Amino acid sequence: MPPSATESSSSRKRWESRVRSALVVLASFAGGLALLFLVLEQRPGGGWRALDVAVGALACLALLLRRRAPVAVGLVLAAAAAGCATAGVANYVALFAVARTRRIELAFAVAFADVAGALGFWLLYPANSELSLTVVVNTAIALAVVAWGALHQKQQDLVAVYRDRAARIERERELRAEQIQLAERARIARDMHDSVAHYMSLIALYAGGLEVAGANAKDVGGTATTIRTTATKALDELRTVIGVLRDGTLAVPEKTRHERTVRGLVDEARQAGQLVVAHLDDEALRAANPATEEAYRLVQEGLTNARKHAAGSLVTVRVRRDGPDLLVTVTNPVDPNAPTLPGGGAGLLGLAERVTALGGTVEHDLIGRGDGGAGEFRMHGRVPYR
């Protein structure tokens, strides 16, 4: 199997690291040879020169371990530089590795060892320079290397902080996007419940009308046509929502929102045979306002619940403007002996979540319930009218 992009990138980074390490070793050894043959006036000769070159070569090779044990390598090379000119560059490369990866205190300790090593080399070959010059030059070099390495370490730490922050921001952005999608899917599910439950309850009401119509072919034909139309609307709603969820676009068409009115909802229920008395503030409901959409949902849920649990009962719908709020009240008698359709209360829960998000409230309770279980069910909503 071909290697993945991650494996290829990791292999390339390992190869680049090895090349850099080899270049560091070669450059350090070249610098040590230049120091031995070109810079120093007093240098080892004969067999000591060969030993100097050999020890310097080993010191430069020890730089390959500077990432694993920088402090140990730095101290060993400081000791090597005390007697070998060829190690006089490698020890400062090791000091840089300490300064860029370890605490500043450790870097200063290795720097002190390098200056001490320079003093040791001066004791062996004092004719190269004066003692004061040797101390000043090597101290300056050690401090510069420590400062450079510490600055590099701080820069790397800052880059790591920014990288972590960018990764955290990206994770938070993905989490917010996921939360938005979940919230939108929940909204679609609520809309799906409201619309389909509304149409299904209408179909049930029309089906009840068919039972009453009996042999009257004209009434049966008209009611069947209405059932077919209502079922088609329900299927269209279902198809739209399923298509949205499958495509993942989470954008429900608004093709009918501007056509949906509370009065049209009441008229539709009356045509289906539901007994509805409506007191509507048409002026408030005609305005383009988020409250009017929630009023539509509240009335729709109230009429649907009445058809489910109080079929044939009179339903009273009141919608009016009350200062900064729009008040919606739907009431209907409850007969515990009347046939009911199944329902889990998801519609009321969805309404409460939606209206609460707008700063409103939804309440529902059973009023005047007697020993027989009869009473009046009331749903009351208050939605901010902005």
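Two strands are taken to pair if DSSP finds at least two bridges between them. Helices (H or I, at least four residues) and strands (E, at least two) are DSSP runs, numbered from the N terminus. The model is predicted: local features need pLDDT of at least 70, side-chain atom pairs count only at pLDDT 80 or more, and totals for chains, interfaces and linings use all residues. Residues are numbered from 1 along each chain as its sequence is written, and side-chain values use heavy atoms, with hydrogens and water left out.

The chain holds 11 helices and 5 strands. Of its 386 residues, 35% are buried. Buried means under 20% relative accessible area, exposed means over 50%, and partly exposed lies in between (1.4 Å probe, protein chains only). Contact means heavy atoms within 4.5 Å. Among contacts between residues at least 6 apart in sequence, 71% join residues at least 24 apart.

The 5 strands form an open sheet with mixed pairing, in the order E1-E2-E3-E5-E4. Strand E1 (276–280) and strand E4 (361–367) stand at the edges. Each has a single partner strand, so one side of each is left without a neighbour in the sheet. From one strand to the next, the twist averages 10 degrees. Such angles run from 0 to 180 degrees between N-to-C directions, and axes are lines fitted to C-alpha atoms, for helices over the stretch in contact.

E1 and E2 pair in the parallel sense over 5 bridges. Here Val277 has Thr316 in E2 as its bridge partner. Strand E2 (residues 315–322) pairs with E3 in the antiparallel sense, over 7 bridges. Several residue pairs mark this pairing. Arg318 has Thr329 in E3 as its bridge partner. Val319 stands opposite Val328 in E3, and Arg320 stands opposite Leu327 in E3. The hairpin of E2 and E3 has 2 residues between the strands, and Gly323 takes a positive phi near 65 degrees there.

Strand E3 (residues 325–334) is mostly covered, with 8 of its 10 residues buried. E3 also pairs with strand E5 (residues 375–384), in the antiparallel sense and over 10 bridges. The bridge partner of Val328 in E5 is Gly381.

Helix H8 (residues 262–271) lies across E1 and E2, and runs at about 170 degrees to E1. Helix H10 (residues 290–309) packs on the sheet and touches E1, E2, E3, E4 and E5. The direction of H10 makes about 5 degrees with that of E3.

A helix pair was examined as well. Two packed helices are described by the angle between their axes and the distance between the axes. Helix H4 (residues 90–101) and helix H5 (residues 104–124) pack at about 170 degrees, with their axes 8 Å apart. H4 and H5 are therefore roughly antiparallel to each other. Angles under 35 degrees count as roughly parallel, over 145 as roughly antiparallel, 65 to 115 as roughly perpendicular and the rest as oblique. Asn91, Tyr92, Leu95, Val98 and Ala99 in H4 meet Leu106, Ala107, Val110, Ala111 and Asp114 in H5.
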